[in-house]
Amino acid sequence: MTSVIWDLGGTLVDTYPDVDRALAGAVHGDDPGEEELNEVAELTRVSSGHAIETLAQRHGVSPEDLRAAYERTKETWRSSPPPVVDGARAVIARVREEGGLNLVATHRDRESATQLLHILGVDVDDMVCAPDGFARKPDPAMVLELLERHGLDPEEVLAVGDRPGDVAAARAAGVRGVLLQTPGIPLEAPGAERITAVEELLDLLPPSA
């Protein structure tokens, strides 16, 4: 039996295109080009906070304006949410069929995370949110909480995320971590096991009986 601990934004839900465009637009105007979007993408894959701080310093833009653009984007998801990442529903179904759990460890606040999953019709077994009082990844606190809460053997759990901190948190908790890498976006995560599509997780799970 293998359970999966999912990161939410950028891993389970394809939030990056909206976020990257919003931040690039706040810097370069309403129609940023590919170069401007790639600049932002390399920063958001570290964290949204890192992207905002770096873009503000690099381009002389107010951090408040960048944060406001980011928050406006999140608000639009109430009526027009980003899609579930390709392949994620198939992985969720496989895990459930084999008796495992689909769990989420996210930096997002519980209200917005729950709403996003509800609108998209994604049913997970449990979720831990950093704003509930847990340290943010790469600290392993959220991963350890899920392991303890469900009595899981770390060796029977797979954690997947799109940022190096996700993999570092998994490793610190004794869990196998897999980094979902955006093609063309370099990520500094020495030794990390990497995939470029979520459906590749199907090959890492036990075969269906």
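What volume does the second largest pocket have? The first point takes this up, and the others follow from there; the model is a predicted one.

1. The second largest pocket has a volume of about 370 Å³, and 21 residues line this pocket, of which Asp14, Tyr16, Arg45, Thr182 and Pro183 are the closest to its centre. Two helices, α1 (16-28) and α2 (34-44), are the elements that each give two or more residues to this lining. By class, the lining of the second largest pocket holds ten nonpolar, five polar and six charged residues.

2. For the largest pocket the computed volume is about 520 Å³, and its lining is made up of 22 residues, with Ser47, Ser48, His107, Arg136 and Arg163 the closest to the centre. Helices α1, α4 and α8 (164-172) are the elements from which two or more residues of this lining come, and α8 gives the most, with three residues. The lining divides into six nonpolar, eight polar and eight charged residues.

3. Helix α1, which gives residues to the linings of the largest pocket and of the second largest pocket, also packs on α4, at an angle of about 145° and with the two axes 9 Å apart. The crossing of α1 and α4 is right-handed. On the α1 side the contact is made by Asp18, Val19, Ala22, Leu23, Ala26 and Val27, and on the α4 side by Leu66, Ala69, Tyr70 and Thr73. These contact residues comprise eight nonpolar, one polar and one charged.

4. Which residues of α3 meet α4? They are Ser48, Ile52, Leu55 and Ala56, and the residues they meet in α4 are Pro63, Leu66, Arg67 and Tyr70; by class, the contact has six nonpolar residues, one polar and one charged. Helix α3 spans residues 48-59 and α4 spans residues 63-76, and the two pack at an angle of about 140° with their axes 9 Å apart. These two helices are therefore oblique to each other, and their crossing is right-handed.

5. The residues around the largest cavity divide into six nonpolar, one polar and three charged.

6. The second largest cavity holds about 30 Å³ of space, and its lining consists of Thr2, Arg94, Val95, Glu98, Leu205 and Pro206. These lining residues divide into three nonpolar, one polar and two charged.

Terms used:
Residues are numbered from 1 along each chain as its sequence is written. This is a predicted model: local features need pLDDT of at least 70, side-chain atom pairs count only at pLDDT 80 or more; totals for chains, interfaces and linings use all residues. Side-chain values use heavy atoms; hydrogens and water are left out. Axes are lines fitted to C-alpha atoms, for helices over the stretch in contact, and angles run from 0 to 180 degrees between N-to-C directions. Helices (H or I, at least four residues) and strands (E, at least two) are DSSP runs, numbered from the N terminus. Angles under 35 degrees count as roughly parallel, over 145 as roughly antiparallel, 65 to 115 as roughly perpendicular and the rest as oblique. A crossing is left-handed if the near helix is turned anticlockwise from the far one by less than a right angle, and right-handed if clockwise. Contact means heavy atoms within 4.5 Å. Ala, Val, Leu, Ile, Met, Phe, Trp, Tyr, Cys and Pro count as nonpolar, Asp, Glu, Lys and Arg as charged, and the others, Gly among them, as polar. On a 1 Å grid over the protein atoms alone, a cavity is a set of points where a 1.4 Å probe fits but cannot get out, and a pocket is an open set with protein on both sides within 12 Å along at least five of seven lines; lining residues have an atom within 4 Å of a point. Grid points are joined across faces, edges and corners, and a volume is the space filled by probe spheres set on the points.
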